[in-house]
Amino acid sequence: MDIADLGKRILAGERRALARAITLVESGRTDHRAQARQLIEDLRGHDRQALRIGLSGTPGVGKSTFIEGFGLMLTEQGLKVAVLAVDPSSARSGGSILGDKTRMERLSRERNAFIRPSPSQSHLGGVARRTREAADLCEAAGFDVILIETVGVGQSETMVADMSDLFLLLLAPAGGDELQGVKRGIMETADLILINKADGDLKTTATRTCADYAGALRLLRKRPQDPEGFPKALTVSAVELTGMGTAWAEMQQLTDWRRETGHFAARRAAQARHWFEAEVREGLLARLRREPVKGAMAALALQVEDGGISAVAAAEELLETYLGETREA
Ligand SMILES: Nc1nc2c(ncn2[C@@H]2O[C@H](COP(=O)(O)OP(=O)(O)OP(=O)(O)O)[C@@H](O)[C@H]2O)c(=O)[nH]1
Ligand SMILES: [Mg+2]
């Protein structure tokens, strides 16, 4: 594969090249990894910056419906929109891929939209890397907005928050008791809470739920990356397409403020640093699973079992041998 050529075609905004490149970054093969690294490196230095929006919410809350409606609104404004999905359960069920394709049918036909369903990959580290790299590729390809959907279970939403410029939490209208159901940590990472399904019979409940969350948000510690009044809670209806324009206006207002005050760039920088550190950790663990360390570790483990060497001394010996000299802090 001609990586330099692939990079040029991505910069020219060619969708087929983008799709191919994402397939490349999803691959676990060692030679593909090397090519993917080369590609990402080649693409550095362009001055395009997409707005990365993470969107999380429990199954059935309306994430895909929202993304379709919201995405269509943005493409109508002439913006290019990419949709990436992180679904920790897709490895198991395989069901959501088909589901999202049908649920975003209209958006998927848009010339200015690019939808990439979640790959069936099991471990979260791999999914995180793939999604980050896919987002980088979409940014290089000139997309204005990148929406990253994730179902709100386990670690996936923290992971998505850590690769987004804005993080949205989509909630369903519900009784006051359920307010506690949202983990505090997630509330604290949300920039905007959207109460979806504010239509028909659910409209009144949605308005009340929204007021409850607005109250809860006011009780949280003020974050330096927010102007006055943020984070906010709003009602939307993904089906009736109401509240979408307001939500977008709030997102833009927040983004503009963060750009002007340097918080936008600072967040990207901190994320890049986290990513680097995560890659180092992953890389070290991968080396432990490969030869020659794997064999040396197994041999030392036998000695530890026999009582020939202490666990601590054996670990130190292995690390000294394979990581070289390290100094205590
Ligand atoms: N009344 C109403 N129903 C909605 C709205 N948004 C979504 N729904 C319905 O809620 C159901 C689930 O919507 P999805 O968009 O698939 O939800 P999701 O959060 O993407 O679900 P998963 O991908 O399975 O986690 C569908 O039957 C939608 O038609 C809304 O604004 N109002
Ligand atoms: Mg969905």
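Author: Helices here are DSSP runs of H or I with at least four residues, numbered from the N terminus. The model is predicted, so that local features need pLDDT of at least 70 and side-chain atom pairs count only at pLDDT 80 or more, while totals for chains, interfaces and linings use all residues. Residues are numbered from 1 along each chain as its sequence is written, and chains are lettered from A and ligands numbered from 1 in the order in which they are written.

Reader: Which helix gives the most to the shell around ligand 1?

Author: Helix 4 does, with 3 residues; helix 4 (63-76) and helix 6 (95-103) each supply at least two residues of that shell. In total 18 residues surround ligand 1, the closest being Gly-62, Lys-63, Ser-64, Thr-65 and Ala-238, where a residue counts if its C-beta atom, placed from the backbone, lies within 6 Å of the ligand.

Reader: How do you know whether Glu-105 is buried or exposed?

Author: Glu-105, which lies in helix 7 (residues 105-108), has 11 C-beta neighbours inside 10 Å and therefore counts as exposed, the cut-offs being 20 or more for buried, 12 or fewer for exposed and partly exposed in between.

Reader: How do you know what helix 2 should span?

Author: At 1.5 Å a residue, the 12 residues of helix 2 (residues 15-26) should span 16 Å, and its end C-alpha atoms are 16 Å apart, which agrees. The buried residues of helix 2 are Leu-18, Ala-21, Ile-22, Leu-24, Val-25 and Glu-26.

Reader: Why are helix 1 and helix 3 called oblique to each other?

Author: The axes of helix 1 (residues 3-11) and helix 3 (residues 30-43) come within 9 Å and cross at roughly 45°. Angles under 35 degrees count as roughly parallel, over 145 as roughly antiparallel, 65 to 115 as roughly perpendicular and the rest as oblique, and helix 1 and helix 3 are therefore oblique.

Reader: At what angle do the axes of helix 2 and helix 3 cross?

Author: They come within 8 Å and cross at roughly 130°, and that makes helix 2 oblique to helix 3.

Note on methods: The expected span of a helix is 1.5 Å times one less than its number of residues. Axes are lines fitted to C-alpha atoms, for helices over the stretch in contact, and angles run from 0 to 180 degrees between N-to-C directions.
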